[in-house]
Amino acid sequence: EPQPISATHPYFSQTHTDAKWFQLFFVGLNISSSNSKQAMASSGSSGSGGDGEVKLIKNFINNQFMWTEKVLPSYNPATGKVHLRVPDSTAEDVDDAVAAAKAAFPSWSKLPRQQRSDYLLRIAAKIEERLDAFAEAESRDQGKPLWLAKTVDIPRAVYNFRFFAGSILYHTEKSSQLELQKCVNYTTRTPLGVAGLITPWNLPLYLLTWKIAPALATGNTVVAKPSEFTSLT
């Protein structure tokens, strides 16, 4: 379960691993053929991802990398060769992911906005620290120029987390007073539950974060499905 963040929180220390920290936030939150930072660090995948090697990407469900019975080939557009094998998930895999996301929802949704905001800012910072690695992976997987991934895709993914981390702290609420009826009408906003997110191939990480960030910021949990053509980031 997510823990409150403070200046002495252990995940702010220099000794934690990216994998341990990242799992804190996404425990039970996603089924994804994109293992994000851990995929590029070869955690939960086989092969180093270098030229000529084929990486095997796993689903990440309930804080664990999970094998699937079948996989799909993913091609490097620059070479036309297979450089990834990604999960061909079954209905049972999806059910497991949804169950994990439902289990994570009560504790995550009860966190104060400030704490959820702190978590999103931490995610943004960790992506930004590895901007070059993410950009190289995006270029290899999607086919866009490296300079474009470095200046647009990955920076905007970082921005998405920071934007929604800030916006949830300053939501304005509207109310209307009906004098004759002696009442006040107002709207409340509460987390809904598990959000199912599907993203396309053209802006893989950028568009995925555009959906994940607001969903998490507002207290929901997530089952994420990236494009089978661009699953690396």
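**Figure 1. Threonine 199 in the loop between β9 and α7.** In this predicted model, threonine 199 sits in the loop that links β9 (194-198) to α7 (204-217); helices (H or I, at least four residues) and strands (E, at least two) are DSSP runs, numbered from the N terminus. Threonine 199 is buried, at a relative accessible area of 5% (buried means under 20% relative accessible area, exposed over 50%, partly exposed in between, with a 1.4 Å probe and protein chains only). Skip the neighbours within four places in sequence, and threonine 199 is in contact with Pro204, Leu207, Leu208, Lys211, Lys225, Pro226 and Ser227 (contact means heavy atoms within 4.5 Å). Residues are numbered from 1 along each chain as its sequence is written, and side-chain values use heavy atoms, with hydrogens and water left out. Because the model is predicted, local features need pLDDT of at least 70 and side-chain atom pairs count only at pLDDT 80 or more, while totals for chains, interfaces and linings use all residues.

**Figure 2. Arginine 85 in strand β6.** Look for arginine 85 in β6 (residues 81-87). Arginine 85 is partly exposed, with a relative accessible area of 37%. Leaving out neighbours within four places in sequence, its contacts are Val54, Lys55, Leu56, Ile57, Val71, Leu72 and Pro73. How far apart are arginine 85 and tyrosine 75 in space, C-alpha to C-alpha? They are 8.9 Å apart, and 10 residues apart in sequence.

**Figure 3. Two asparagines in the loop between β3 and β4.** Asparagine 62 lies in the loop between β3 (59-61) and β4 (64-66), and asparagine 63 is found in that loop too. Most residues other than glycine have a negative phi. Here, phi of asparagine 62 is positive, near 55°, and asparagine 63 has a positive phi of about 70°. Asparagine 62 is partly exposed at 44% relative accessible area, and asparagine 63 also counts as partly exposed, at 31%.

**Figure 4. Helix α4 against helix α6.** The axes of α4 and α6 come within 8 Å and cross at roughly 165° (axes are lines fitted to C-alpha atoms, for helices over the stretch in contact, and angles run from 0 to 180 degrees between N-to-C directions). That makes α4 roughly antiparallel to α6, as angles over 145 degrees count as roughly antiparallel.

**Figure 5. Helix α5 against helix α6.** Helix α5 (residues 131-142) packs on helix α6 (residues 146-167) at an angle of about 115°, with the axes 9 Å apart. Residues of α5 in the contact include Leu131, Phe134 and Glu138, and Leu146, Lys150 and Asp153 are among those of α6. The contact of α5 with α6 has seven nonpolar residues, one polar and five charged.

**Figure 6. Confidence along the chain.** The mean pLDDT of the chain is 81, with 78% of residues reaching 70 or more (pLDDT is the predictor's confidence in each residue, from 0 to 100). Over residues 1-44 the pLDDT is below 50.

Note on methods
Ala, Val, Leu, Ile, Met, Phe, Trp, Tyr, Cys and Pro count as nonpolar, Asp, Glu, Lys and Arg as charged, and the others, Gly among them, as polar. Angles under 35 degrees count as roughly parallel, over 145 as roughly antiparallel, 65 to 115 as roughly perpendicular and the rest as oblique.
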